[in-house]
Amino acid sequence: MTILIIEDEELLSESLRELLSQRGFATEAAFDGPTGLEYALTGLYDLIVLDVMLPGFDGFELARRLRSKRVGTPILMLTARSGLDDRVEGMDAGADYYLAKPFEARELLACVNAMLRRQGAQVDELRFGDAALDLASAELVRADRRIRLSAREFELARCLFAAGGRIVSKETLLVKVWGWESEAVENNVEVYVGFLRRKLAALGSAVKIKAQRSLGYRLEAE
Ligand code: CA
């Protein structure tokens with residue numbers, strides 16, 4: 001789970017990152033509107049914490065631009081102002097949840113958890129061909145057979161299943177599965193793709209993970 005924090009107050013940004021990483025989330029930070037938008041447009045994040053008042057352009061504008069590009073990452077909007085107009089504008093711009101500053105750490109964590117749970121509740125299984133990925137139990141499923149995945153195998157499978165047959169680049173997999181700051185290399189991706197292939201085969205699934213030369217990987221159902 002990776003959370004993007006777009007907040008220009010560096011101390012607040014730093015404490016949010018610390019708080020979230022203590023809870024096991026990976027975080028990335030951007031400190032102004034344009035950079036935040038550039039990061040957010042990659043679609044690599046599970047959630048965006050977005051401040052309203054930002055240099056460049058504000059959080060409302062950022063949310064609008066993001067939604068106009070059809071990036072649906074959930075947005076938790078932060079603002080110093082708690083007026084109804086701001087809240088309405090935030091929701092109109094595409095924010096999913098709104099938290100007025102100052103807030104307590106546990107309030108923010110409760111929001112983040114609720115938003116991520118809601119996402120998870122909508123999709124508890126990703127299907128492709130004759131196989132499915134059970135998001136609650138982290139198991140790979142085919143008919144009545146199930147196989148447990150390790151944390152990395154699960155994240156890798158989640159990226160591939162979510163892409164539904166489209167190519168996922170090795171860089172995207174490295175960032176989503178290993179994180180920005182990791183020193184993992186493409187070879188790690190290949191090794192874990194190998195593990196997943198073996199598990200699909202062990203289930204007798206017809207789903208294959210195809211390597212697309214230098215581009216990346218995609219699922220294929222025969
Ligand atoms: Ca600000």
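**Entry 1: Asp134.** I looked up Asp134 first. Is it buried or exposed? Its relative accessible area is 15%, so I note it as buried, the cut-off being under 20%. This is a predicted model, and I read every value as computed from it. Asp134 sits in strand 7, which covers residues 131–134. I then checked its side chain for a partner. The side chain of Asp134 makes a polar contact with the side chain of Arg146, at 3.4 Å.

Entry 2: Five of them form an open sheet, with parallel pairing, in the order 2-1-3-4-5. Which strands stand at the edges? I found strand 2 (26–30) and strand 5 (97–100) there. Each has a single partner strand, so one side of each is left without a neighbour in the sheet.

**Entry 3: strands 3 and 4.** I went on to one pair inside that order. Strand 3 (residues 47–51) pairs with strand 4 (residues 75–79) in the parallel sense, over four bridges. I picked out Ile48 and found its bridge partner in strand 4 to be Ile75.

**Entry 4: helices on the sheet.** I asked what helix 2 touches. Helix 2 (residues 33–40) packs on the sheet and touches strand 1 (2–6), strand 2 and strand 3. Its direction makes about 145 degrees with that of strand 2. Helix 3 (residues 59–68) packs on the sheet as well. Helix 3 touches strand 1, strand 3 and strand 4. The direction of helix 3 makes about 165 degrees with that of strand 4.

**Entry 5: strands 1 and 2.** I came back to strand 2. Four of its five residues are buried, so the rest of the structure largely encloses strand 2. Strand 1 and strand 2 pair in the parallel sense over five bridges. Leu4 stands opposite Glu28 of strand 2. How does the chain get from strand 1 to strand 2? I followed it through helix 1 (residues 10–22). This β-α-β crossover is right-handed.

**Entry 6: the calcium ion.** Last, I checked the metal. Which protein donors does the calcium ion have? I noted Asp8 (OD), Asp51 (OD) and Met53 (O), lying 2.1 to 2.3 Å from the ion. The spacing of these donor residues in sequence is D-x42-D-x1-M. Asp51 counts as buried, at 2% relative accessibility.

Note on methods
Residues are numbered from 1 along each chain as its sequence is written. This is a predicted model: local features need pLDDT of at least 70, side-chain atom pairs count only at pLDDT 80 or more; totals for chains, interfaces and linings use all residues. Side-chain values use heavy atoms; hydrogens and water are left out. Two strands pair if DSSP finds at least two bridges between them. Helices (H or I, at least four residues) and strands (E, at least two) are DSSP runs, numbered from the N terminus. Contact means heavy atoms within 4.5 Å. Axes are lines fitted to C-alpha atoms, for helices over the stretch in contact, and angles run from 0 to 180 degrees between N-to-C directions. Buried means under 20% relative accessible area, exposed over 50%, partly exposed in between (1.4 Å probe, protein chains only). A polar contact is a pair of N or O atoms within 3.5 Å; within protein, one must be able to donate a hydrogen and the other to accept it, and residues adjacent in sequence count only if both atoms are side-chain atoms. Donors are N, O and S atoms within 2.8 Å of the metal (3.2 Å for Na, K and Ca); water is not among the atoms, so sites may look incomplete. A crossover is right-handed if, with the strands pointing away from the viewer, the path from the first strand over the helix to the second runs clockwise.
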